[in-house]
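The entries below follow the order in which I looked things up.

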Amino acid sequence: MSDVGSDEFDDERGKLGEYDGGRNGAGERHGAGRAVLPNGDVYQGGYESGRRHGQGTYCFKNGARYVGDYYQNMKHGHGTFYYPDGSKYEGLWVEDLRQGHGLYTYPNGDAYEGEWLHHMRHGQGIYNYQETVSKYKGSWVNGKMESAGEYIHSNNRYMGNFVNNNPSGPGKYVFDGCEQHGEYRPAEQPATDEENGTNLKTQRSPYLGSREGYLSTEEDRAEGEWGESGSPAILKWIPKCVTDLTLWTGTHTSCAEKDTASAEAEN
């Protein structure tokens, strides 16, 4: 659904909708007022020179509701949008778009808090998964996990780079007292259900649920936010070595380099 208020609200011909409130010398809606659209939408709040401006509440007939700042008829500033499916966005808006810092809570209990650009997750942010109590913390580009990030579980975390929502290339799993270094590569020939004796879908948890074998990165997307889901990417985790805990810098250091550094430290 669209979360942009109807322009019919401000038809000054007096033929569409009803208005009760202040006006300026030119007869335009100005100051506090309440307007009702023939389709059932209702706006109550500030006006300036015939446009929604300042604090206001816009209620859609389908149950959606926006409470917050307006500028020149657009959601602009800080505001909260309640969607009819039960999801909610609270944060900054720029010209009717989610932009800046904001918190989006999804119907299934998942939540994303971080930066937005043009209605999409963009910049640094944290996505919390309600069902698994896992979370992704890192960089987003145009709504997708990209570049450096970490996927945090209750008993371990994965740190590495992401491409198009999937882990890609060198990374590491961090456990209590040790790390397993390796890399994710596209699987050349994924195992079939018959070969595994089970269904791949039943083996997955969001993105990084397994440290070995094939990993399906199909995820239950929040409706309307993740876009169309195609075939899930099948990745294979290739372990390289196990080391003591090290600092992750976002760049790959080979296991041989780690061994050399450890030997030099001991000497």
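I took two strands as paired if DSSP finds at least two bridges between them; strands are DSSP runs (E, at least two residues), numbered from the N terminus. I worked on a predicted model, in which local features need pLDDT of at least 70, side-chain atom pairs count only at pLDDT 80 or more, and totals for chains, interfaces and linings use all residues. Residues are numbered from 1 along each chain as its sequence is written, and side-chain values use heavy atoms, with hydrogens and water left out.

Entry on strand β14. I found that β13 (residues 157-163) pairs with β14 in the antiparallel sense over six bridges, with Val-163 opposite Asn-166. Two residues separate β13 and β14 in a hairpin, where Asn-164 in the turn has a positive phi of about 55°. I then found seven bridges between β14 and the antiparallel strand β15 (residues 178-186); Lys-172 has His-181 as its bridge partner there.

Entry on salt bridges. I counted a side-chain nitrogen of Lys or Arg within 4 Å of a carboxyl oxygen of Asp or Glu, and the structure holds five. Arg-185 meets Glu-183 at 3.0 Å, and Lys-240 meets Glu-183 at 3.5 Å, N to O. Lys-240 lies in β17 (residues 234-243) and Glu-183 in β15, 57 residues apart. Shared partners join Glu-183, Arg-185 and Lys-240 into one network.

Definitions and conventions
Helix = DSSP H or I, 4+ residues; strand = E, 2+ residues; numbered from the N terminus.
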